[in-house]
Amino acid sequence: DLSLVGKALGRAVPVVLGRDAFMQSIVTIDFDRGTIAFAPRAGFVAPTGAAEVRLKRRGPLHLLPVKIGDLPPQDAIFDLGNNGAISLSLEYHRSS
């Protein structure tokens, strides 16, 4: 029952995908179609044209490399629960 979570967030929450789902599977996210798919790691073959993004692990966080414009590459926290488009540190922003 996720009713208390939904009440705290102010909207219905039909499902929560935990860390184990992401750690145990190959995850395909299609933002254009609004879909996310999980596949077993064993025997997985990437679809033609797919881009592999390897996440790094730092404690409980998952990081992926990003580069914005002329700024130097930076590891960013992979967080599908963030409501904002992007969050940059002031230090990183000023490094341009």
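**Exercise 1.** Determine whether Glu-52 is buried or exposed.

*Solution.* The relative accessibility of Glu-52 is 62%. Buried means under 20% relative accessible area, exposed over 50%, and partly exposed in between, with a 1.4 Å probe and protein chains only. Glu-52 therefore counts as exposed.

The structure is a predicted model, in which local features need pLDDT of at least 70 and side-chain atom pairs count only at pLDDT 80 or more, while totals for chains, interfaces and linings use all residues. Residues are numbered from 1 along each chain as its sequence is written, and side-chain values use heavy atoms, without hydrogens and water.

**Exercise 2.** Locate Glu-52 in the chain, and state which side chain makes a polar contact with the side chain of Glu-52.

*Solution.* Step one: Glu-52 belongs to the loop between strand E2 (35–40) and strand E3 (56–58); strands are DSSP runs of at least two residues, helices (H or I) of at least four, numbered from the N terminus. Step two: the partner is the side chain of Arg-54, at 3.2 Å. A polar contact is a pair of N or O atoms within 3.5 Å; within protein, one must be able to donate a hydrogen and the other to accept it, and residues adjacent in sequence count only if both atoms are side-chain atoms.

**Exercise 3.** Describe the open sheet of three strands and identify the strands at its edges.

*Solution.* Step one: the strand order is E3-E4-E5, with antiparallel pairing. Step two: E3 and strand E5 (74–77) each have a single partner strand, so one side of each lacks a neighbour in the sheet, and these two stand at the edges. Two strands pair if DSSP finds at least two bridges between them. Step three: strand E4 (residues 61–66) and E5 pair over four bridges, and Val-66 has Gln-74 in E5 as its bridge partner.
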